[in-house]
Structures are given as structure tokens and as C-alpha cells.
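Here is a briefing on one protein chain, for reading beside its model. Start with the overall picture, then work through the details by topic.

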Amino acid sequence: MRLFVIRSLESAIRRGGASASSCRRFSSDSGPERKVAILGAAGGIGQPLALLMKLNPLVSTLALYDIAGTPGVAADVSHINTRAEVAGYAGEEQLGKALEGSDVVVIPAGVPRKPGMTRDDLFNINAGIVKSLCTAISKYCPNAVVNMISNPVNSTVPIASEVFKKAGTYDERKLFGVTTLDVVRAKTFYAGKAKVPVAGVNVPVVGGHAGITILPLFSQATPASNDLSDEDIKALTKRTQEGGTEVVEAKAGKGSATLSMAYAGAIFADACLKGLNGVPDVVECSFVQSSITELPFFASKVRLGKNGVEEVLGLGSLSDYEEEGLEKLKPELKASIEKGIKFAREN
């Protein structure tokens, strides 16, 4: 059974990557010692993410942190017979110990979306949580790669950048907003509509990580399809942008996109670990400090390496529909970025 699970995950990780060369095996090749800390590990995203990271042989130490409940999650996950040694930490007094020596810190902490909840509602709760956690990161593991999952990512990444700047530890190459779920959805929806095997599909997704700021570039999808109409592309774009709402409504108040987000988070963390370990040509989409548009942060393909971001890649050729979408998203994304910066500076 274990062999089946590992092989299934190997296949999944290979499908998740953005380029063939980035999809090196999620295998038994252990590599160097790497510590991954998950902040918010007892939550709906954190628990399945902890499971997936325990299965990743690139992880030698897995630190699970939350305000409560993590010792139980850690005990459960620790029984899985894979390489990573697991420890659970609970409460603010144990946060430093959880973070010390971390190479990658993944932050799914905060409240999930519920029906009727706006992103402003999310911001009002999660902004303070992110600020507090990033203050601790700057103190206990200032050189770690930080993967921000906590929503709204369009604002929480700028908050993190301001916290790190204030502490004198900001390295723009090591702060990522995880937008991989947008890519995962775009691949899945495109494959279903174009009737092609999803394992071979790639779709870049740029912009931000909320509503219309999510811009899938179906004109650059591979394999290309000539069977999709303009209306099909518009429908696929809208579904990708509203994928989170689709899940929230389907769960009818009992959760959000926790399982698919955990999968996407594990894909991106794996890519970061490969980059740190020197695997060449690891390319994923992520929301990072960027100069490819006039906005200070933007999601696009980035090449990962030993220092985090090695290169922020350009947008490439866009269709007229995508050009229009790009201009439409900029004001909303700009406002979200400025909102995060303002919060961090005033609180």
C-alpha cells in the first residue's frame, strides 16, 4: 500500500510542475538535510499538507506549529514510515523552537473562507496573524524561504515584505505567494474541456490570487487546442477565477478548498526544496516582488534556485482577451497590495 501511495504522489508531483525538467522525481533520493515548518498545521489545510510533506523524501525534519492541537497531528503523522522526523509545537511560547533552523516555512494559518465572507473579512482576521508569524520568522529563521498560503495572498505577501523590511531581514528572492492552486485548477479545467490527458497539460496563471486578478493564459496552454471557442476560453477563465467559491458553496458552510490547496502547497514547497538543492530549471508560477509590470508584486512564472527566485520570467505573448484581462486586474491588485502595505506600516 505504501509503495502505491508514494508512486501515486511521484506521478502527481511530476504532473504538478511547470516544466518537464523541473519535474524530477519525488523519490527516495533523500538529498541534504532540510527542515520544513508548517505554521497553522492543525487546520483544514495544515493537516493534509503535513501529511503530504511527511511523504516528501526531501524533508528530513518537519515542524508542525499551531496555537493548539499540533501535538496530536504530529503524533499521528510521525507514525508514517518515511524519512522526516516530526515534532509538534503549540502556543506562542513554542513558535521560536518550531522555526529555528527552517529552510522552508509554509504559512496556511488563519481562518478559511465561508459562504458570504468577503476577502475584506478574511483580511481583517488574517492580516494580524500573518504579521505576528512573520515577525517571529525574521527573528528565528531570517534566511528561510517563506511560502505564503494565508489569504488574501494579494495583501498578506506585501504585509510579510514590510515586516521583514522593518526587521532588516527582507530578501525579495525568498518570499512567495503560493498561487499554485490557480495553476492546478486551470490545468484540470482545460484538460477536461479540450479532452486531453491532464498529466501533460501546462497552463501559466499570472496576476494575483483572488477573483479577476487571477489570469490564466490559455493561449499559452500546452498541448494547444484548436477546438476551444472564445466562449469556451471565457468560461474556463471565469471558472478558474471562481474555483474557490465553487468549493466553498459545494461544502455548504462546512469548509473551503482545503484538500486541493494542501496538494498545491505541497507541489510548490517541493519545487522550492528542489531549487534549494540545486535541481536545474525548476519553474513554477508564484506571486513575488516583480518588475514585469508597474505593480510591485505580481504572479508569473519564476525560476527557482539555491537562493529562492533566480529569475522572474516575462508574460510572453498574450491574446487580446488576456491583454484586456491584464488591464482590468491591475487596479484591484494594486489596491490589495497597498492595503497590505498600509496595514503593516500602521500596526
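Predicted model: local features only at pLDDT ≥ 70, side-chain atom pairs only at ≥ 80, totals over all residues.

The protein chain holds eleven helices and eleven strands. Its radius of gyration is 19 Å, close to the 20 Å that the globule rule gives for 347 residues, so the chain is as compact as a globular protein of that length.

**Overall build**

- The C-alpha trace spans about 55 × 50 × 40 Å along its principal axes.
- Of the 347 residues, 55% count as buried.
- The accessible surface of the chain is about 14700 Å². Carbon and sulfur atoms make up 51% of that surface.
- Among contacts with a separation of 6 or more, 71% are between residues 24 or more positions apart.

- Val106 lies in strand β4. Val106 counts as buried because its relative accessibility is 1%, under the 20% cut-off.
- Val106 and Val36 are 70 residues apart in sequence, yet their C-alpha atoms are 7.5 Å apart in space.
- Beyond four places in sequence, Val106 touches Val36, Ala37, Ile38, Leu39, Leu49, Asn147, Ile149 and Ala269.
- Asn147 sits in strand β5, residues 145-148. Asn147 is buried, at 0% relative accessibility.

**Helix α2**

- Helix α2 covers residues 46-54 and is mostly covered: seven of its nine residues are buried.
- The buried residues in α2 are Gly46, Pro48, Leu49, Ala50, Leu52, Met53 and Lys54.
- Leu49 is also one of the residues that Val106 touches.

- Thr213 is in the loop between β7 (205-207) and β8 (214-216). Thr213 is buried, with a relative accessibility of 0%.
- Not counting residues up to four places away, Thr213 touches Asn154, Val206, Gly207, Gly208, Leu329, Glu332 and Leu333.
- Thr213 and Val248 are 35 residues apart in sequence, and their C-alpha atoms are 19 Å apart in space.
- Asp232 lies in helix α8, residues 230-241. Asp232 counts as buried because its relative accessible area is 19%, and the cut-off is under 20%.
- Leaving aside neighbours within four places, Asp232 is in contact with Lys193 and Asp227.

**Cysteines**

- The structure holds zero disulfides.
- Cys141 is in no disulfide, and its nearest cysteine sulfur, that of Cys134, is 9.8 Å away. Cys141 is buried, at 5% relative accessible area.
- Cys272 is in no disulfide either, and the nearest cysteine sulfur, that of Cys285, is 13 Å away. Cys272 is buried too, at 4% relative accessibility.

**Salt bridges**

- The structure holds 17 salt bridges.
- Which residues are linked in a network of salt bridges? They include Glu162, Lys165 and Arg345.
- Lys165 and Glu162 pair through their side chains, at 3.5 Å from N to O. The two are three residues apart in helix α6 (residues 153-167), so about one helical turn separates them.
- Lys165 is partly exposed at 43% relative accessible area, whereas Glu162 is buried at 10%.
- Glu162 also forms a salt bridge with Arg345, with the closest N and O atoms 3.0 Å apart. This pair links distant parts of the chain, from helix α6 to helix α11 (residues 320-346), 183 residues apart.
- Arg345 is exposed, with a relative accessible area of 61%.
- Asp281 forms a salt bridge with Arg303, and their closest N and O atoms are 3.3 Å apart. Asp281 is in the loop between α10 (258-276) and β9 (282-289), and Arg303 is in strand β10 (residues 297-305), 22 residues away.
- Asp281 is partly exposed at 38% relative accessible area. Arg303 is also partly exposed, at 25%.

**Surface patch**

- Val111, Ile125 and Ile129 make a nonpolar surface patch of about 190 Å².
- Val111 lies in the loop between β4 (104-107) and α5 (119-140). Val111 is partly exposed, with a relative accessible area of 30%.

Key. Residues numbered from 1 in each chain as written. Heavy atoms only, no water. Patch = residues over 30% accessible without salt bridge, like charges linked within 9 Å, V, L, I, M, F, W, Y side chains within 5 Å. Areas by Shrake-Rupley, 256 points an atom, 1.4 Å probe, with all protein chains shown as cover. Salt bridge = Lys/Arg side-chain N within 4 Å of Asp/Glu carboxyl O. Helix = DSSP H or I, 4+ residues; strand = E, 2+ residues; numbered from the N terminus. Buried < 20%, exposed > 50% of the residue type's maximum accessible area, 1.4 Å probe, protein only. Rg over C-alpha atoms; globule rule 2.2 N^0.38 Å. Contact = heavy atoms within 4.5 Å. Disulfide = S-S within 2.5 Å.
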